[in-house]
Every structure is written in C-alpha cells, then in structure tokens.
Amino acid sequence: MIWSDRFKREVRVTSHAQERGLERKVSMETIMTVLETGTVKSKDEARAWIFKDCPGRNDNPVCLAVSLERKVIVKTVMVHWTLMED
C-alpha cells in the first residue's frame with residue numbers, strides 16, 4: 001500500500017498514470033515527491049492538479065491530475081505542464 005502523509009490517506013496510481021509515467025520517464029519516487037511537496041491547484045471539491053519543478057529535468061513542471069476522495073487517485077502524469085487560469 002502507498003500512503004500519503006500529506007493527505008493522510010492511501011494513494012492509488014491508475015494504470016494509465018503508470019503508463020504515462022513510464023512514457024515520460026517520471027519514476028514512482030518522483031510521482032510521490034510531487035504528490036507530497038508540489039503546489040496544489042484545485043479544480044473542484046474532488047479534483048486537483050499537483051505540480052512541481054523537479055531537479056535534473058528539462059521538461060518541468062511535472063504535474064499529476066488527481067482525485068481526492070477516500071483515496072488519493074493519481075489519474076495521469078504530465079510534463080511541460082501549464083496552468084490555465086479561468
């Protein structure tokens with residue numbers, strides 16, 4: 001089981017997010033670093049983006065699209081991410 005100290009709940013990384021992480025060379029360690037220490041931008045009550053510049057990468061920021069429910073569900077992993085303000 002993967003646990004988030006930040007969100008005080010279990011973390012589930014979807015198969016889609018795992019595939020995108022592999023494709024974009026974002027390790028599980030980096031995913032967890034972004035999750036635990038990145039900037040959170042809420043989309044609504046249950047959904048958010050969490051993003052962070054990671055040292056040694058030329059495709060920053062790394063961003064996770066997450067659902068914050070009973071578990072933290074990492075839905076996808078993105079790079080070169082840009083926050084679009086309303």
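This is a predicted model: local features need pLDDT of at least 70, side-chain atom pairs count only at pLDDT 80 or more; totals for chains, interfaces and linings use all residues.
Student: What is the angle between the planes of tryptophan 49 and tryptophan 81?

Tutor: These two rings sit 6.0 Å apart, centre to centre, and form a tilted pair. The pair links distant parts of the chain, 32 residues apart: tryptophan 49 is in strand E4 and tryptophan 81 in the segment after E6. Tryptophan 49 itself is partly exposed, at a relative accessible area of 24%. The angle between the planes of tryptophan 49 and tryptophan 81 is 35°.

Student: Why does the pair of phenylalanine 51 and tryptophan 81 tie together parts of the chain that are apart in sequence?

Tutor: Phenylalanine 51 and tryptophan 81 make a tilted pair, 4.9 Å centre to centre with 40° between the planes. Trp49, Phe51 and Trp81 form one aromatic cluster. Phenylalanine 51 belongs to strand E4 and tryptophan 81 to the segment after E6, so the parts being tied are apart in sequence by 30 residues.

Student: In what order do the strands of the sheet come?

Tutor: Helices (H or I, at least four residues) and strands (E, at least two) are DSSP runs, numbered from the N terminus, and two strands pair if DSSP finds at least two bridges between them. There are 6 strands in this open sheet, and their pairing is mixed. At the edges, pairing on one side only, are strand E1 (2-4) and strand E3 (39-42). The order is E1-E2-E6-E5-E4-E3.

Student: How do strand E5 and strand E6 run, parallel or antiparallel?

Tutor: Strand E5 covers residues 62-68 and strand E6 covers residues 72-78, with 6 bridges joining them. One example is serine 67, whose bridge partner in E6 is isoleucine 73. E5 and E6 run antiparallel.

Student: What angle does helix H2 make with E4?

Tutor: Axes are lines fitted to C-alpha atoms, for helices over the stretch in contact, and angles run from 0 to 180 degrees between N-to-C directions. Helix H1 (residues 15-23) lies across strand E2 (9-13) and E6, at about 30° to E6. Helix H2 (residues 28-37) packs on the sheet, where E1, E2, E3, E5 and E6 are among the strands touched. With strand E4 (47-52), the direction of H2 makes an angle of about 110°.

Student: Which residues is cysteine 63 in contact with, leaving aside neighbours within four places in sequence?

Tutor: Cysteine 63 has its place in strand E5 and is buried, with a relative accessible area of 0%. Valine 77 is 14 residues away in sequence, yet its C-alpha is 5.9 Å from that of cysteine 63. Taking contact as heavy atoms within 4.5 Å, the list for cysteine 63 is Trp49, Ile50, Phe51, Thr76, Val77, Met78 and Trp81.

Student: How many salt bridges does a search of the whole structure find?

Tutor: The rule asks for a side-chain nitrogen of Lys or Arg within 4 Å of a carboxyl oxygen of Asp or Glu. Arginine 47 meets aspartate 44 this way at 2.5 Å, N to O, and arginine 57 meets aspartate 59 at 2.8 Å. Shared partners also join Arg20, Glu23 and Arg24 into one network. Over the whole structure, the number of salt bridges is 5.

Methods. Residues are numbered from 1 along each chain as its sequence is written. Side-chain values use heavy atoms; hydrogens and water are left out. Buried means under 20% relative accessible area, exposed over 50%, partly exposed in between (1.4 Å probe, protein chains only). Rings of Phe, Tyr and Trp (its six-membered ring) pair if their centres lie within 6.5 Å; planes under 30 degrees apart count as stacked, over 60 as edge-to-face and the rest as tilted.
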